[in-house]
Amino acid sequence: MSDEDLLRKQSQLLAQREAELNALRRQHERALSWWSTFHALDSDLDAQTNLQSTCDRWCGLLLDELDFQAAAVLRIGDDAVEALSWPSHLGELPAAIAGPGLVAELRARRGGLLNAPEGPLAALAGALRLERFLWCTIGPRPDLELLALAGFDARTARFRVRFVEADVEQFQWVARHLETVLRNVLLMQTLAQHERVQQMHETLARQREELEQRLATITVQAETIRRLSTPVLELWDGVLVLPIIGAIDPHRAESIMEGLLTRLVATRARSVILDITGVDDLDAAAADHVLRVTRAASLLGARCVLTGVRPAVADALVGLGVGFGDLRAFRDLRAGLRHCLQEQAARASR
């Protein structure tokens, strides 16, 4: 072999070795890009991350790190797929992508590659304007099935390289990692929702406790007001006065009865003045309540007198035909007190 032939053969061998080295270098760089994409997904996860932003992040990484022309995540429905994360340069977001047997093909194969528009997957190629792409179906939740894909149009791409099985394996590796990340995102959302519900329950419990405390306070205040609204005062030795102001309803009549009888037992008074100066209107029912009070007081040995009857009240009682029997009535409190003192003096002289 001549020196010229030997030199030519060595040059060919050197070119072959350089080509192999460049191929290994590109393979290594591509592997690093897949690895970088794999880990970059975890860096931005926080409590604000959601399904949409995570899918957008994943698609952006494939475009930046691996020089794909397009990457998308689609939601697989019953008879079509809908875009969840869609590259903006592909134009308006399609309502749905359907084709004969498309969903069945995606669920049957679960992943693969397409180097030319053919079969059911041709509908995806047409919608994405891609001639070659890798795809993988993932299920981050039992009721949520997604399709992850990425590729390029060989007619416009700088390098018209066909995808091989090694590309499918690496793409599915990254797609499965996206599935894991999405599960974590959905879990964080569920936990955050549970936390919000728990906080809501705690807030409602605090509000309920505050309302119960307010109700208890109002109840105490109402009881205090009730007692203040029907005071029984010892106007003179052995003489009680019960000033009644406002309307007399059954609940208030019961309160008046209870307060008066309690004071009669405590003081052993013999005379009671029912002063109705502050009553603007006394109907038949209210008059009956007054009579019941006087009868109850008489059972404890006390005589009652009525004072402060206004002309309008007297006219109304006459019109209703209400009579007070032997209950004495006086114009004002002074006249009623004078009558009670005279009765006490008469009893003392006997």
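**Strands and cavities in a predicted model**

Residues are numbered from 1 along each chain as its sequence is written, and side-chain values use heavy atoms, with hydrogens and water left out.

Together β6 and β7 form a hairpin with two residues between them, and glycine 238 in the turn has a positive phi of about 85°.

How much of β7 is buried? Five of its seven residues are, so to speak, mostly covered, with buried meaning under 20% relative accessible area, exposed over 50%, and partly exposed in between, for a 1.4 Å probe and protein chains only.

On to β8, then. Strand β7, residues 239-245, is joined to β8 by six bridges, and the two run parallel. Within that pairing, proline 243 stands opposite aspartate 275 of β8, and the chain makes its way from β7 through α6 to β8 in a right-handed β-α-β crossover, right-handed meaning that, with the strands pointing away from the viewer, the path from the first strand over the helix to the second runs clockwise. Isoleucine 245 has glycine 278 as its bridge partner in β8. Strand β8 itself, residues 271-278, has six of its eight residues buried, so it is largely enclosed by the rest of the structure.

On from there, β8 and β9 pair in the parallel sense over five bridges, and serine 271 finds its bridge partner in β9 at arginine 303. The unit made by β8, α7 and β9 is again a right-handed β-α-β one.

Now to the cavities, of which the structure holds two of 30 Å³ or more. A cavity here is a set of points, on a 1 Å grid over the protein atoms alone, where a 1.4 Å probe fits but cannot get out, and its lining residues have an atom within 4 Å of a point; grid points are joined across faces, edges and corners, and the volume is the space filled by probe spheres set on the points.

The largest cavity has a volume of about 50 Å³, and its lining consists of Ile244, Ile248, Ala253, Ile256, Leu274, His289, Val290 and Val293. The elements giving two or more residues to that lining are α6 (250-267) and α7 (284-299), and α7 gives the most, with three residues. By class the lining has seven nonpolar, one polar and no charged residues, where Ala, Val, Leu, Ile, Met, Phe, Trp, Tyr, Cys and Pro count as nonpolar, Asp, Glu, Lys and Arg as charged, and the others, Gly among them, as polar.

Which residues line the second largest cavity? They are Arg303, Cys304, Val305, Asp326, Arg328, His339 and Glu343, and two or more of them come from each of β9 (303-307) and α9 (333-349), with β9 giving the most, at three residues. This second cavity has a volume of about 40 Å³, and its lining divides into two nonpolar, one polar and four charged residues.

Let me turn to one residue elsewhere in the chain, alanine 148, which sits in strand β5, residues 144-152. Alanine 148 is buried, with a relative accessible area of 0%. Apart from neighbours within four places in sequence, alanine 148 is in contact with Trp58, Ala72, Leu134, Trp135, Cys136, Phe171 and Ala175, contact meaning heavy atoms within 4.5 Å. Alanine 148 and cysteine 59 lie 89 residues apart in sequence and 8.8 Å apart in space, C-alpha to C-alpha.

Finally, for the chain as a whole, there are nine helices and ten strands, and buried residues make up 37% of the 350 residues. Of the contacts with a separation of 6 or more, 64% are between residues 24 or more positions apart.

Conventions: This is a predicted model: local features need pLDDT of at least 70, side-chain atom pairs count only at pLDDT 80 or more; totals for chains, interfaces and linings use all residues. On a 1 Å grid over the protein atoms alone, a cavity is a set of points where a 1.4 Å probe fits but cannot get out, and a pocket is an open set with protein on both sides within 12 Å along at least five of seven lines; lining residues have an atom within 4 Å of a point. Helices (H or I, at least four residues) and strands (E, at least two) are DSSP runs, numbered from the N terminus. Two strands pair if DSSP finds at least two bridges between them.
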